[in-house]
Structure formats: C-alpha cells, structure tokens
Amino acid sequence: TPLVSEEIASQPHAWRQAAALAASAPLPARGLRVAVVGCGTSWFVAQAYAVRRESLGHGVTDAFAASEFPVERDYDLVVAISRSGTTTEVLDLLGTLRGRVRTLAVIGDPESPGRGAADDVVVLPFADERSVVQTRFATSALTLLRAGLGDDTESLAAAADEVVHWPVPEALLERTQFTFLGRGWSVGLAHEAALKAREAAIAWTESYPAMDYRHGPKAISDSDSAVVFLGERPDGLVAEVEATGALALWFDEDPQLTLVRCQRFAVEYALSKGLDPDRPRNLTRSIVL
Ligand code: F1P
C-alpha cells in the first residue's frame, strides 16, 4: 500500500484530534480582518478557509499565495499555513511582518523554524506526513480552522470514515483530462483536488469556480474528460458538461468529503498509470529556495 493511502485513510482520526485543539488554540477571533497565506496545497486550504470564515459572518478574510501578500494592506491578523514549517516564501513573509501585524502559524512539524516564526503557533504533529503529496495535514488544518468557526467537524469525521475507502469508479479512471469545479469556499478545494492529481499522477487537471467553466474552460472538454463538482452545482451546468461528452460527477455531501474522494482518485489514477504516488516526479516535500 502506498504511504499516501495510509495517510488518506487516517484522516478521520486526525480531524478529530485537530478539532479537539480548536477550543484552546489561538484561532482568529470573530470580527478581525484576517489574511491567510500558504504555498501550494496550503494556499488552497487558505482560500477555502477564507471564504468559509467570511461567509459565516466572522469577518473579512482574504487568502494569498505567501509570495504575493500585499504587505502594505491593513489586517489585524495574518495566518500562515505550512505543513513543513520550512517553506521559504512563508518564513520570509513572517519575518517581514514581525512587529507590523500579529501572526499565527499553523504547522505540522514541531521541530521546524515555522514554530518560532510567528507570534502564535498551532502545531498539528499528529497530522504531519511522510509523503511528499499532502493530504492529511491539509484537511486537518482546515478542520481545526473550521471547528473554530463552529462547523460540525464531528459529523464530518464520522462521514469520512467511509469516504476514505471510496472505490474510485472505473469510468473515472478511464478519462485523460479532469476538471474540478467549486463554488464559494469549495473553489479552494477544487484547486486542491486538481493539484493532487497533477502531483501524484502527472494528470492533466484544471480547476475553476463552477460558473467559470462556461467562460472558456469548456472548450477543452470532450469524451476523454471528467468534470467533478465539489459542493453546489449551478443550474444547468451538469447538462452543459454532459453535452460535451464529458463524465460529470458529484456527491451531495460536505465538499471536504468530496476532496477526500479526489485524493483517492489521485492515488488510484497514479497506480493505474503505473506511477508511484509516493514518488511524484520533480517534487520535494517542501520547497526551500
Ligand atoms: C507547501 C508545498 C506543498 C506541495 C509540495 C511543496 O508545503 O507547496 O503544498 O504539495 O510538496 O510544498 P508546506 O509549506 O505546507 O510545507
């Protein structure tokens, strides 16, 4: 069994541990103007959380790739997410912000420089991973943050017990191009789903806000494509996807659970192509420049 499969399967347990930390962790208080930053997977988690927090009425929340943070903009708190706690752009930004704005780091590795880089830190050592491809840390960080917003993370973990063993349909594995669509806070999850299959399986994947599929991305869709919806499906869009010949797939559940299915897909697709999802091409566990 690939290592990443074990990490995927262990998510419900890790989510419960992450949620248990939420009550005592220095998570963003209601009403603060918050920016959330990260790189790669961690940036996509930042995007999902930002939209979730703001849409639940907890306050203005923006997400940025750590390299693109507008340092002159006024925030009350900057939250940096990094599994490794070593990613250069994240550490550089936290250094720049020191003394200028309050910062919180959410990291996986307690021994990393990320630990001392921010004013506050939450460490999720139980969610840290040996794999290059992130799965469990990303969803556990999101679960911690969502628990802080009052989301029902216990139901989520209970539902995930089954989803982590989802048998990926053959009809999906037969396709060669994959588009992931989200709405609201699941847009970030769609980007993360697409990244998983790119990293683990060198797959041609794209991701968009669902409504934007109509504005160009549709042109590449045909009977070799699959379109996976994370979250809400805009009226008429499934029919529009199917009219191109593409397979449309969706699940009526919390989009975080659909992301887990997409992680499962990434691993199974890699294996079906004879690739080792634990050894993704050209990637390392963290990017230190
Ligand atoms: C961020 C990250 C991962 C990506 C790759 C390189 O790491 O970009 O998202 O999958 O492995 O590193 P981190 O800052 O969360 O450790």
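Me: Which domains is the protein chain divided into?
Reply: Two ranges are assigned in this predicted model. Domain 1 covers 3-152 and domain 2 covers 161-272.

Me: How far apart are their C-alpha centres?
Reply: The centres of domain 1 and domain 2 lie 24 Å apart.

Me: And how many residues are in contact across the two?
Reply: 20 residues of domain 1 are in contact with 20 residues of domain 2.

Me: Which helices supply the domain 1 side?
Reply: H1 (3-9), H2 (11-22), H3 (41-55) and H5 (136-147) each give at least two residues to the side that touches domain 2. H3 gives the most, with eight residues.

Me: What's the make-up of that side by class?
Reply: Eleven residues are nonpolar, eight are polar and one is charged.

Me: Switching to the core. Which residues touch the most other members of the largest nonpolar core?
Reply: Val36, Val37, Ala80, Ala141 and Val228 do. That core has 92 residues. Domain 1 (3-152) and domain 2 (161-272) each contribute at least three residues to this core.

Me: Pick Ala80. What does Ala80 touch?
Reply: Beyond four places in sequence, Ala80 touches Val37, Gly38, Ala66, Val90, Leu93, Leu94, Thr103, Ala105 and Ala118. Val37 is itself among the core residues that touch the most other members.

Me: What's the general background on nonpolar side chains?
Reply: In soluble globular proteins they tend to be buried together.

Me: What share of the residues here count as buried?
Reply: 53% of the 289 residues in the protein chain.

Me: What box do the C-alpha atoms fill?
Reply: Roughly 55 × 40 × 35 Å, along the principal axes.

Me: What fraction of contacts join residues at least 24 apart?
Reply: 73%, among contacts between residues at least 6 apart in sequence.

Me: Where is Ile202 found?
Reply: In the loop between helix H8 (186-201) and strand E7 (204-209). Ile202 is partly exposed, because 15 other C-beta atoms lie within 10 Å.

Me: What about the phi of Asn282?
Reply: Asn282 also has a positive phi, about 65°, and is not a glycine. Asn282 is in the segment after helix H10 (255-272).

Me: Why does Asn282 count as exposed?
Reply: Asn282 has 6 C-beta neighbours inside 10 Å, so it counts as exposed; the cut-off is 12 or fewer.

Me: Last one, Val60. Where is Val60, and what is in contact with it?
Reply: Val60 is in the loop between H3 and strand E2 (61-65). Beyond four places in sequence, Val60 is in contact with Arg33 and Glu54. The C-alpha atoms of Val60 and Ala35 are separated by 8.3 Å, and these residues are 25 apart along the chain. Val60 counts as partly exposed, with 14 C-beta neighbours inside 10 Å.

Definitions and conventions: Residues numbered from 1 in each chain as written. Predicted model: local features only at pLDDT ≥ 70, side-chain atom pairs only at ≥ 80, totals over all residues. Core = buried A, V, L, I, M, F, W, Y, C linked by C-beta atoms within 7 Å. Buried ≥ 20, exposed ≤ 12 C-beta atoms within 10 Å, placed from the backbone. Domains from an automatic or database assignment. Contact = placed C-beta atoms within 7 Å. Helix = DSSP H or I, 4+ residues; strand = E, 2+ residues; numbered from the N terminus. Nonpolar A, V, L, I, M, F, W, Y, C, P; charged D, E, K, R; others polar.
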